Every structure is written in structure tokens, then in C-alpha cells.
Amino acid sequence: MEALAKCQGVMMPAADQSLSGTVNVVLGAKGIVYVELEASGEAWGRGPRGGEIHSSMKVVVDSPAWRLVQALGTLVSADGNEPMIDGLTDAVRPVSSQQKKLLDDLSARWDDADWKKVFGVDRWVNDLDERAMLERYVSRPSVNIDGLYAGYIGEGSKTILPHRAFAKMDIRLVPDMTATDVLAKLRRHLDRRGYKDIAIKNMGSYDPTDTALEAPPIQTQLAVYKAAGLAPVIWPRLAGSWPGYLFTGKPLELPAGHVGLGHGSGAHAKDEYFVIEPAAGKKYLGLDGATRSFVDFLFAL
């Protein structure tokens, strides 16, 4: 705390311009619980123990892979879109009047087709319109399967009954949810349904962040963008996560966020990119302009 006694806030470098050149300012981020679930014959006491067996035995031997699939199905609604973990949403903070105003302004300026192009999707869940989708995006938790693995997944065929099955999952958190509470609720949810044998390995979890619009770093960021001739779009929160709770939470309670011009996308994917030099006619900046935006922000602050 002593080292941060004079700190005005914590800002992470970002590339916050969209394809159309508009620049985003975000006031928070969701937290995350990232876990690996494992079903095994050893822990279950049913199915193969110690190794895979021939799949012809499935008619008389239980499958840990199917057990994991059935357990996963209890965590969400039938369409996979609504979290169903017992008590998960009890602590979700309602959308404030200020946030609703920001979402109205955001919806009026936001390019739905732009995002769909960036992420390669045609429709939002439940065929939501722009305004409804944006509110859901910033204010609701989610339960996602990042990866599934069991048995043989190579080329060709191999008829086996696996003795273990794994799922990597993330649960996104919004204020006032906490990672510790959600991990406990996930464990209780599975236990109540008879899945005490399914192991939960915490791979990395942390709380959401929240920063006031009035915070000096945010107001400086807005002023710098406007001085550059840009009209910033303010997001109440993004659905991605970073461990900013270390700064926004107790005992520091500092403002925290992201700052920077330029364009990039595809985070964590094999085609993640940052535009070094924009093609002719593009309104977003390249690496040189992004670097200058960091300098301008720090100088103004």
C-alpha cells in the first residue's frame, strides 16, 4: 500500500478503437472462475479404473464421460444460455440508472454489424436486439465450456470406453459476485445432485472490477480522446476479465481500467491480431498512433 500511496489509478494499455474508428472507454470488467472438472472411474467407483477399455463393454460398464456430460447439463438451461448453478445469481447487482443511460447512449452509436463481423457470428442469443444484448453483455454472469476431452480424439476410429473425462470451464462474474462464493456454490450444486465424485480444480479465479465514471483517470482519458477529435463510447463494463480487483477492491480501492488507441481483436485465439499499419482509408490508428495515445494520456494526467 505504501508504494501506491500517491497512485491516482491503474490503467492497462489497450487497443480500444473499433473497425469503424470509434474509441471505447470501459468502467469495469467481469471477474472469472476458471475450473477444470474431472469425472473418473476411480473417484466414482463405477466404470473403468486405471485405463481405457474396449467400447463393446459399454453395454455392461458405466461411462465416466457420460457422467461428466450429464453433470455439465445441470449447470445451464437446456439451450445452454442461462446459468442454473444453485444461488449463482443471488448477489448480482441490478443495473443502475447511470448504467442504463450509458447503455442507451452506447446503443445509439454502436455498430451491431461491426461486432458480428469481428467475432464471426450472425445472431445473438435469444435473437436479442442491440440494446437488450448490450445490457445482458455487461450485467449478467455466464457459464461457458472452454474445452472437453475424453478418450480418443485423433484421426480415424478407436473404439474405447474412457476411464476419465475433463471439461475446462469459465464462469464470468459481475458485481457483487465473488470468486470464492461462486466456487463454493459450484461444489454444493454438484454435490446436491449426486456428483460428489466429480473433481473441481481451480485454474485461476478473481473478482470483477468497478470504476466510477467520475474517477480522474477516466475523465482524463475522455478529455484526451475528445481533444484528438474523437467521440468516446462509454461502456459500463466489458465481459472480459483481468485481475484489476487487486486495485479496485479493498484495501486500495483505486480506479482501474484500460487506455489506448489503435485496433486489435481475437484475444486468445490463434488469429489474435494488432494492426501495426492500417490500410488506406481506415479510421483507426496503427502502432505509432497507439503509442502516442499512451504518452498523451500520461502527460494529461
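**The largest cavity**

Author: The largest cavity has a volume of about 100 Å³, a volume being the space filled by probe spheres set on grid points joined across faces, edges and corners. The model is predicted, so local features need pLDDT of at least 70 and side-chain atom pairs pLDDT 80 or more, while totals for chains, interfaces and linings use all residues. Residues are numbered from 1 along each chain as its sequence is written, and side-chain values use heavy atoms, without hydrogens and water.

A search of the whole structure finds 1 cavity of 30 Å³ or more, where a cavity is a set of points on a 1 Å grid over the protein atoms alone at which a 1.4 Å probe fits but cannot get out, and lining residues have an atom within 4 Å of a point.

The lining is made up of R93, P94, V95, Q99, L103, V138, S139, V174, P175, P236 and R237. Two elements, α3 (97-109) and α5 (130-139), each give two or more residues to this lining, helices being DSSP runs (H or I, at least four residues) numbered from the N terminus. By class, the lining has 7 nonpolar, 2 polar and 2 charged residues; Ala, Val, Leu, Ile, Met, Phe, Trp, Tyr, Cys and Pro count as nonpolar, Asp, Glu, Lys and Arg as charged, and the others, Gly among them, as polar.

R93 and P175, named above for the cavity, are also among the residues that line the second largest pocket, an open set with protein on both sides within 12 Å along at least five of seven lines. That pocket has a volume of about 200 Å³, and its lining divides into 4 nonpolar, 4 polar and 4 charged residues.
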